[in-house]
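Subject: Structure handover

Hello,

I am passing this structure on to you. Please open it alongside this note.

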Amino acid sequence: MKRRMSKEENSNYIEMHADLGVENKGFDQEGEDGSKPAEGEGETTSVQLSAFEAADGLSELDYTQIKPYAGMPKEVLLQYSTQACYRLPREILFWFTVLCTLVLVAVTATIIALSPQCLSWWQSSPVYQIYPRSFQDSDQDGVGDLKGIQNRLDHFVYLNVKAVWISPFYKSPMKDFGYDVEDFREIDPIFGTMEDFDNLLSSIHDRGLKLIIDFIPNHTSDKHVWFQRSRNGTEKYKDYYIWKDCESVNGTVTKPPNNWVSVFGNSAWQFDAVRGQCYLHQFLKEQPDLNFHNADVLKEMTDVIRFWLEKGVDGLRMDAVKFILEAEHLRDEPQVNPEQNPENITSHSELYHDYTDSQVGLHVILQGWRQVMDEYSTEPGRYRFMVAESYDYEKIGRTMMYYGTSFVQEANFPFNFYLLDLPESLSGRACYDLVKLWMSNMPKGYWPNWVVGNHDNPRIASAVSRKYVNVINMLLLTLPGTPTSYYGEEIGMENIAVSEDQIQDPFGKFDPSENRDPFRSPMQWDSSPNAGFSEANKTWLPVHPEYQTCNVMMQRNDSSSPLALYRTLTALRESELPLHRGWVCLVWSDADIFAYVRELDGLSTAFLIVLNLGNGSTTDLTGVVPELPREASVRVSTLSGSMKTVSLAAIKTETGEGLVLEYHTREPIHEVSRFRENCFVSEKACYFSALGILYKNC
């Protein structure tokens, strides 16, 4: 039961506050002589202690107070908080805080809505291709392996490269060095074990790198369990491959089902004595083509993709995708030369491949695989990349179809192999034509890429000359899009000489003039025996005889080396917005010079890249591009000791010299009407200098 505080208790309560040093006249109900305070002396303000009254039954007259004081009870504080002089500032502060929060949320939402999508890892870094047999040997057998790659991961960190692509390492009889797969879920013992792969992948991710591996969907090895069951007539596997009746004598096909020819030459049909039929192989006879018209085959290969994505790989290179489907009617393909005797056709180039590549349904398969990869791309920072490999030569429209459509995505990009033709007619004009060919045919808004070398093509230093290594690497690393570098190109490695009796390449064994071994020699790390690649007595291919003067260790100590330039360019590409997501405008080309501008909307800094792919010359760009300033500063040069500034009215370059020139402008070249046909952009963005941010829809 609640009790009313007595007058004596109230007096003691007031005295307690006085003893604590609280001086407040509001507590003085009587003077020391018992008299009341004089009128006007110690005026009081009535305080209604609602909570206090509820607890103690005090009336309004039992407790009065003049002003707040330190140490007042909560009930007193609550009474004062309702007064206008306290309530109004508090409400103003509250609503001001709410308004600021709403403004901050609105600004944040606006910035997010207007900001362009961040570049993914496969866009922001070069891709470095490793041919595993030749990168690093860890077990002294003369062949590179997965542990060897793991031991050399710091090389990619040094290069500012964040994406590594490793060519096939699956279990294989090695008839085509790993492209004849016996088991898609096993590592070939020559490269190590699955534990070695897991350790390699973990180490790659620990360094902030990404891993791309080869996926080979068109065919398997004839040692694969699927093929063995198919040739034996096991019901489920009978149609996993393409079998047709044919005529043969002593195992040699005398009348194949049609005139189709293998990429490696001769008939694409091979007789199998066990089944008593011929099977199709568009590559080696040991590489039978899978039958993707069979839904079970498609499911099997999709499950292989899931297996490696669940392992944690970051991307897949889809190998030889245009061969995945063949026309079911099996008609003869048209001859390039109608007058040629059909019985004499043995080369792949002697037929038009209307029924064996790029067939209807191919892109549906690839789009389905893209959707599977999207399922594994939901985790932040774990986007799964897909690139398609297809040599379509003059049929560039077919290549562009691998981008997909605005409604259905396919590959992030198909490999651009057109720069591989540059050595055939090296000049500024030829380079201009090849760059424009891709950029003008690429669907609007998609992402370009560039390849100047791989395991199937001669090295730059041998295809043209060592003096062009730096300028071609500058081209590769300053064009828009993703550059792909083949191992050793960063130091300018050259082809090796391989005699006919040393040939390892199956294609080379069929036609020595097409031997690819010279482009696959061991990586040159240092000046020690076998160039630091292996401690074995003999390597699988010879090391280049000049490795002691061309190796990674030597070039790391030389600021004017190809390696130093490569590293400088990758760092520049990463740090400068116009170089990794801006416009490219092709402003000039002639027999010697190819020049282009990299710029970004809203950013005054721009770059002019001048590449000499011919003879020494002096170029006046102010006459053809008056919007350019009179001078520009040299940001990077392929030659040491070059000038700090260059007059754009007289740009002097030597053979194989390249310049990255920096200048400032308020007149973007891409806004000049006469250059619009030569200006291209992929991930368009504009720079807002006041806030230092990018925005879109500009």
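Below are the contacts I looked at, by type.

This is a predicted model.

Transmembrane region

The unreviewed UniProt entry lists residues 92–114 as "transmembrane region". In the model, that stretch is 100% helix and 0% strand. Its end C-alpha atoms are 32 Å apart.

Aromatic pairs

The count is 45 aromatic pairs. Take Phe 264 and Phe 283: their ring centres are 6.0 Å apart. The planes meet at 65 degrees, and over 60 counts as edge-to-face, so this pair is edge-to-face. Phe 264 sits in the loop between β10 (252–255) and β11 (269–272). Phe 283 sits in the loop between β12 (277–280) and α10 (295–311). The pair therefore ties together parts that are 19 residues apart in sequence. Both Phe 264 and Phe 283 are buried.

Phe 688 and Tyr 695 also make an edge-to-face pair, at 6.4 Å centre to centre and 90 degrees between the planes. Phe 688 is partly exposed, at 38% relative accessibility. Tyr 695 is partly exposed too, at 29%.

One aromatic cluster includes Trp 121, Trp 122, Trp 165, Tyr 383 and Phe 417.

Charges over rings

Arg 133 lies over the face of Trp 540, 4.5 Å from the ring centre. For Arg 152, the charged end sits over the ring of Trp 525, at 4.1 Å from the centre.

Salt bridges

There are 23 salt bridges by count. In the one between Arg 231 and Asp 272, the closest N and O atoms are 2.5 Å apart. This bridge links distant parts of the chain: Arg 231 is in helix α9 (residues 225–231) and Asp 272 in strand β11, 41 residues apart. Why does Asp 272 count as buried? Its relative accessibility is 5%, and buried means under 20%.

Two other bridges lie within helices. Lys 299 and Asp 303 are both in helix α10, four residues apart, about one turn. Their closest N and O atoms are 3.0 Å apart. Lys 299 is exposed at 52%, whereas Asp 303 is partly exposed at 26%.

Asp 374 and Arg 370 are four residues apart in helix α11 (residues 362–375), so about one helical turn separates them. Here the closest N and O atoms are 2.9 Å apart. Asp 374 is partly exposed, with a relative accessible area of 30%. Arg 370 is buried, at 1% relative accessibility.

Best wishes

Notes: Residues numbered from 1 in each chain as written. Predicted model: local features only at pLDDT ≥ 70, side-chain atom pairs only at ≥ 80, totals over all residues. Heavy atoms only, no water. UniProt positions renumbered as here; feature names shortened; annotations may be inferred. Phe/Tyr/Trp six-rings, centres within 6.5 Å; stacked < 30°, edge-to-face > 60°. Buried < 20%, exposed > 50% of the residue type's maximum accessible area, 1.4 Å probe, protein only. Lys NZ or Arg CZ within 6 Å of the ring centre and 35° of its normal. Salt bridge = Lys/Arg side-chain N within 4 Å of Asp/Glu carboxyl O.
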